[in-house]
Amino acid sequence: MRARTFQAAVVSFAALLPACGYAEGIDTEHLFGFMIGSDVGNVGEREFQSETTGRFGRSGGTYRAVGQEFELEFVPARNIRIEVGSTFASHLIGGVPGLDDQRRLSWQGGSIDLRYRFLDRETAPFGVTFATEAHAHRVEETTAEAARSFGTEFRLAFDRELVPNRVVAAFNLIYEPEWTRLIGSDAMEPGSTAGTALGVMAQLLPGFLLGGEARYLRKYEGISLDKLTGQALFVGPTAYFQLSKSSRLTASWSLQAWGRPAGSATGLDLVNFERHQARLVFGVNF
């Protein structure tokens, strides 16, 4: 069974390669799975994007959470990109300490993402882009409980081609404050995540890039980064396929290689983070 699965994966991978002949240079806008690059697209560009994110494995029991986001992206002016999205969430939780058993599919909420590129790596030593995303959710992302959640994600992205048209590296600084109120409760609970991320991608064939990402994340009880609850290091591969002149596909998988909840000496943090995270992104220009 495993041999057949592996053979099917190889055949599917090989079928994609002949189509990957449309690239003209390296565009980092959608190159990574869990990170962002400094590119923001060309003026007048419009895109539809489907982003599927899976998070699997917590401390004991069964934990599966899948988010499906549909997004529209616009580039109204030079160096500016706007994105609006809507997300659906599916949760299967059973026997996980600290979490109620859940089995539900629901509309999670909406978001808006704004990006501004300060430096273009075509004319500067490296590219720099600031991104902020605001979202409102009606389902808590981890527990799947009904809630009113409001959050913002801030990212500062740097990238540079190490080998022109061949190898590109990116670095992200991340800060994500969030406020959550469970339905039936009057208390608004603040929390935040901060971290860094590093990714490297190499163009093996025109329009086909393969590489990896590493992310170090720290979770805090409040938004002032003063009460640490846990930390984790995620590493894993990423592949990018330019399917045609107007369509693309990015596949990324991350494994928690190291982690530690606050006050514990364990080698993984499965209280605040998942064991595995995966993301599949499909986009098309229109």
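Biologist: Before we start, what is a salt bridge here?
Modeller: A salt bridge is a side-chain nitrogen of Lys or Arg within 4 Å of a carboxyl oxygen of Asp or Glu. Keep in mind that this is a predicted model.

Biologist: How many salt bridges does a search of the whole structure find?
Modeller: The search finds 16 salt bridges. One of them joins the side chains of R248 and E47, at 3.6 Å from N to O.

Biologist: Where do R248 and E47 sit in the chain?
Modeller: R248 is in strand β11, residues 247-261. E47 is in strand β1, residues 46-56. They are 201 residues apart, so this pair links distant parts of the chain.

Biologist: Are those two buried or exposed?
Modeller: Both R248 and E47 are buried.

Biologist: What about R155 and E153?
Modeller: Their side chains also meet in a salt bridge, at 2.6 Å from N to O. R155 counts as buried because its relative accessibility is 9%, and the cut-off for buried is under 20%.

Biologist: And K227 with E221?
Modeller: That is a salt bridge too, at 3.4 Å. K227 is partly exposed, with a relative accessible area of 46%. E221 is partly exposed as well, at 45%.

Biologist: Which residues are linked in a network of salt bridges?
Modeller: E29, E73, R81, E83, D113 and R115 are linked that way.

Biologist: New topic. What is the overall fold of the strands?
Modeller: There is a closed barrel of 12 strands. The order runs from β1 through to β12, and the pairing is antiparallel. Neighbouring strands are turned by 20° against each other on average, direction ignored.

Biologist: Pick one pair. How many bridges join β4 to β5?
Modeller: 10 bridges join them. Strand β4 covers residues 102-119, and strand β5 covers residues 127-139. L119 has V128 in β5 as its bridge partner.

Biologist: I clicked on A134. Which strand is that?
Modeller: A134 lies in strand β5. This residue is partly exposed, with a relative accessible area of 35%.

Biologist: What is A134 in contact with?
Modeller: Leaving aside neighbours within four places in sequence, A134 is in contact with G110, S111, I112, G151 and T152.

Biologist: How far is A134 from E178?
Modeller: They are 9.7 Å apart in space, C-alpha to C-alpha. In sequence, A134 and E178 are 44 residues apart.

Biologist: Now the rings. How many aromatic pairs are there?
Modeller: The search of the whole structure finds eight aromatic pairs. In one of them, the rings of F154 and Y175 have centres 6.3 Å apart and planes at 15°, so the pair is stacked. F154 is in strand β6 and Y175 is in strand β7, 21 residues apart. F154 is partly exposed at 31% relative accessibility, and Y175 is partly exposed at 25%.

Biologist: What about F208 and F241?
Modeller: Their ring centres are 5.2 Å apart and their planes are at 25°, so that pair is stacked too. F208 lies in strand β9 and F241 in strand β10, 33 residues apart. F208 is buried at 3% relative accessibility. F241 is buried at 5%.

Biologist: Which residues form one aromatic cluster?
Modeller: F126, F158 and F171 do.

Biologist: Last one. Where does the charged end of R58 sit?
Modeller: It sits over the ring of Y63, 5.2 Å from the ring's centre. R215 lies over the face of F34, at 4.2 Å from the ring centre.

Note on methods. Residues are numbered from 1 along each chain as its sequence is written. This is a predicted model: local features need pLDDT of at least 70, side-chain atom pairs count only at pLDDT 80 or more; totals for chains, interfaces and linings use all residues. Side-chain values use heavy atoms; hydrogens and water are left out. Two strands pair if DSSP finds at least two bridges between them. Helices (H or I, at least four residues) and strands (E, at least two) are DSSP runs, numbered from the N terminus. Axes are lines fitted to C-alpha atoms, for helices over the stretch in contact, and angles run from 0 to 180 degrees between N-to-C directions. Buried means under 20% relative accessible area, exposed over 50%, partly exposed in between (1.4 Å probe, protein chains only). Contact means heavy atoms within 4.5 Å. Rings of Phe, Tyr and Trp (its six-membered ring) pair if their centres lie within 6.5 Å; planes under 30 degrees apart count as stacked, over 60 as edge-to-face and the rest as tilted. A charge sits over a ring if NZ of Lys or CZ of Arg is within 6 Å of the ring centre and within 35 degrees of the ring normal.
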